[in-house]
Amino acid sequence: MIFFKLFLVFSYIGLFNFGGGYAMLSFIQQEVVVKNQWVSDQEFTDIVAISNMTPGPIGINCATYVGYTSVMNDEALKSNLSPAALQCCGMLGSVLATVSVLWLPFILMLFISKLLLRYRNSWQVNAIFSGLRPAIIGLLAAAVLVLMTPSNFSNPRTDFIPFILSIAIFLSTFFGCRRFRWNPITVILCCAIAGIVFYGFIGL
């Protein structure tokens, strides 16, 4: 059943996630898009965008939205439940995925924090962190590559102008935030307006 699978998958993601929310994205994408096919690539990208725009850690927000979308996409539930009941099940899936991704790390961090305070100056702990730091960068890079797909940037062979526009938005956002320290909220609003103008009104 979808709820039991959500509990298992997100408990697994929460237990073995290292590097924070952005590093969690590639892990979540592998489990919910590739393996279980609960959401499509496009839906996952939309979920990541919404998770970025809403308050709170992106990994937890993503789990919340994936839990809801996964239940709403479940064919067995859609065929047997009314729309109102399906909405209630979607909210239940949202809560379940959120709690599932948090409960094991919470218990683990209580245990690790106690040990870390006791052994934080030992060479073993310092050596472990020396190995973890570059791995976290790799996980973040993997999360970036997961999102660089034709569904997000369009296909240059079939949709050349939308592809160029997507690249322009990507580069201006990257260099604006990196070099000029643009406010992320301003960037999100400007990109949303650009999307409405170019993809909505003009119809690219």
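How many residues apart do Lys35 and Glu31 lie in helix α2? They are four residues apart, about one turn of the helix.

The views below show a predicted model, in which local features need pLDDT of at least 70, side-chain atom pairs count only at pLDDT 80 or more, and totals for chains, interfaces and linings use all residues. Residues are numbered from 1 along each chain as its sequence is written, and side-chain values use heavy atoms, with hydrogens and water left out.

**View 1. Salt bridge Lys35–Glu31 in helix α2.** The side chains of Lys35 and Glu31 meet at 3.3 Å, N to O. A salt bridge here is a side-chain nitrogen of Lys or Arg within 4 Å of a carboxyl oxygen of Asp or Glu. By this rule there are two salt bridges. Lys35 is exposed, at 54% relative accessible area. Glu31 is buried, at 6%. Buried means under 20% relative accessible area, exposed over 50%, and partly exposed in between (1.4 Å probe, protein chains only). Helices (H or I, at least four residues) are DSSP runs, numbered from the N terminus, as are strands (E, at least two).

**View 2. Salt bridge Lys78–Glu75.** The closest N and O atoms are 3.4 Å apart. Both residues sit in helix α5 (residues 75–80), three residues apart, about one helical turn. Lys78 is partly exposed, at 37% relative accessibility. Glu75 is exposed, at 55%.

**View 3. Helix α2 against helix α4.** The axes of α2 (residues 21–35) and α4 (residues 58–73) come within 8 Å and cross at roughly 25 degrees. That makes α2 roughly parallel to α4. Gly21, Tyr22, Met24, Leu25, Ile28 and Val32 of α2 meet Ile58, Gly59, Cys62 and Val66 of α4. By class, the contact has eight nonpolar, two polar and no charged residues. Axes are lines fitted to C-alpha atoms, for helices over the stretch in contact; angles run from 0 to 180 degrees between N-to-C directions. Angles under 35 degrees count as roughly parallel, over 145 as roughly antiparallel, 65 to 115 as roughly perpendicular and the rest as oblique. Contact means heavy atoms within 4.5 Å. Ala, Val, Leu, Ile, Met, Phe, Trp, Tyr, Cys and Pro count as nonpolar; Asp, Glu, Lys and Arg as charged; the others, Gly among them, as polar.

**View 4. Val39 in the loop between α2 and α3 (41–53).** Val39 is buried, at 4% relative accessibility. Leaving aside residues up to four places away in sequence, Val39 touches Val32, Val33, Phe44, Ile47, Thr69, Ser70 and Asn73. The C-alpha atoms of Val39 and Asp74 are 9.6 Å apart, across 35 residues of chain.

**View 5. Stacked rings of Phe7 and Trp103.** The ring centres lie 6.1 Å apart, with the planes at 10 degrees. Phe7 belongs to helix α1 (residues 2–16) and Trp103 to helix α6 (residues 83–119), so the pair ties together parts 96 residues apart in sequence. Both are partly exposed: Phe7 at 31%, Trp103 at 34%. Rings of Phe, Tyr and Trp (its six-membered ring) pair if their centres lie within 6.5 Å; planes under 30 degrees apart count as stacked, over 60 as edge-to-face and the rest as tilted.

**View 6. Positive phi at Ser154 and Arg181.** Most residues other than glycine have a negative phi. Phi of Ser154 is near 70 degrees. Ser154 is in the loop between α8 (150–153) and α9 (160–179). Arg181 has a phi of about 55 degrees and lies in the loop between α9 and α10 (184–201). Ser154 is buried, at 18%, whereas Arg181 is exposed, at 63%.
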